[in-house]
Amino acid sequence: MNVPVKPTPLTPPDFTAIREAIARVPRVKLIERPTPITEAPNLAKALGGGPRVFIKRDDLTSIGLGGNKLRNLEFRLARSMAENPDTVIVGLDLQSNSARQTTAACNKLGLRTILVLEGNRPNIVQGNLLMDYLLGAEVHFAPSRGEQRRMLDDLADKVRAEGGRPHILNDNPMFDVASAIAYLETTLEVIEQLAAEGVSPTVFYMSSSGKGQAGIVLAQHLTGVKFAMHGVTATDEFHVPSRTAAIANETAQALGLDLTISEDEIVNFADFVGPGYGKPSDAGNEAVRLFARTEGVILDPIYTGKAAAGLVAHMREGRFGPDDVVVFVHTGGVPANFTWNELWLDDRRP
Ligand SMILES: Cc1ncc(COP(=O)(O)O)c(C=O)c1O
């Protein structure tokens, strides 16, 4: 009989000072922490063995079907609440994960949500948009970014005229810093969770356009734990390393830390975007299938699948050895699978 071997826990570093700095930032409570972390031995084996692989389940952030933005919203909406609004108005993309999570968060805080989504009203309502409706958001469609801005202002005027107190979330200056603080904290969670398993992370993979990654980069400097941070971007619309360094520096300042991050130290892979932002890629789809079929973990074809494609490619290249401990941060986005249902229909078994 195989007796499971109990891991010898490591003593994690003391993060009191970092947590005190974070605790000085106003915050509302939206989610339960820590989110789970699970080992993915079947995935590791399918990729040729070598390192241990763990998945940090930030798709399981408590409400609205989860995702990374709920961590961000704890700080961002605290800033909004200082203005005592009763209605949050926000302009985002048509199939935005952020819109879904924002609506769920506002519900929890007793706020009404008005979404102004860029795009045309689709014939078939699926994915995040369907969840926006279920969560009770008032949804408007804007044909362009310029028109979206005009609509945000007009809707705020309308709410005011009706005696309400609108807050346009796009004007909240916290967006970037909120994500960075959130993912600095996530990194502490991961280090402590892995210490209980007797290991320490050596490399993180995460879908990143810079915000969350900035927090993990700060953790590289602040925790005293040596690990690499491999962001994988889902968009080629801007230069992620310079943006990440700028956000990390802005966040360090907000936390009162004497720290300067240079763009040269940011590792973010831009070669897994595929056909473009918001469009599934073959490598990403393969990675989504692999996670689902080895571990039962559902990713998405727009963000996490592309990040996983980076991890899969690098593990197949043999970049990591048996002493490595890889952490894949699942940032959510699962409802996109329903928008892109035709990707998986071909997988039906006869
Ligand atoms: C599922 C998912 N992963 C990753 C990201 C990128 O996160 P960040 O903006 O913190 O770089 C997003 C952003 O929208 C997302 O929806």
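Which residues does the UniProt annotation "domain: Tryptophan synthase beta chain-like PALP" cover? According to that unreviewed entry, the annotation covers residues 29–332; UniProt positions are given in the numbering used here, feature names are shortened, and annotations may be inferred rather than shown by experiment. The structure is a predicted model, in which local features need pLDDT of at least 70, side-chain atom pairs count only at pLDDT 80 or more, and totals for chains, interfaces and linings use all residues. Residues are numbered from 1 along each chain as its sequence is written, and side-chain values use heavy atoms, with hydrogens and water left out.

The span 29–332 is 43% helix and 16% strand, and its end C-alpha atoms lie 19 Å apart. Helices (H or I, at least four residues) and strands (E, at least two) are DSSP runs, numbered from the N terminus.

The chain is divided into domain 1 (16–66 + 175–345) and domain 2 (69–171), with bounds that come from an automatic or database domain assignment. The C-alpha centres of the two domains lie 26 Å apart. In the interface, 33 residues of domain 1 are in contact (heavy atoms within 4.5 Å) with 25 residues of domain 2. The area buried between domain 1 and domain 2 is about 2400 Å², and carbon and sulfur atoms give 64% of this area. Buried area is the accessible area (1.4 Å probe) that two parts lose on being put together, summed over both. V28, L30 and F175 supply 26% of the area that domain 1 buries against domain 2, more than any other three residues.

Polar links also cross the interface of domain 1 and domain 2, where 13 residue pairs are in polar contact (both at pLDDT 80 or more). A polar contact is a pair of N or O atoms within 3.5 Å; within protein, one must be able to donate a hydrogen and the other to accept it, and residues adjacent in sequence count only if both atoms are side-chain atoms. On the side of domain 1 that touches domain 2, the elements giving two or more residues are α7 (175–196) and α12 (336–339). Helix α7 gives the most, with nine residues.

The count of salt bridges (a side-chain nitrogen of Lys or Arg within 4 Å of a carboxyl oxygen of Asp or Glu) comes to 24. Between domain 1 and domain 2 the count is four. E189 forms a salt bridge with R71, with the closest N and O atoms 3.0 Å apart. R27 and E74 also meet in a salt bridge (2.9 Å, N to O). This pair links distant parts of the chain, 47 residues apart: R27 is in the loop between α1 (16–23) and β1 (37–39), and E74 is in helix α3 (residues 69–81).

Two backbone features remain. The peptide bond from R33 to P34 is cis, with omega near -5°, and P34 is in the loop between α1 and β1. L65 has a positive phi of about 70° although it is not a glycine.
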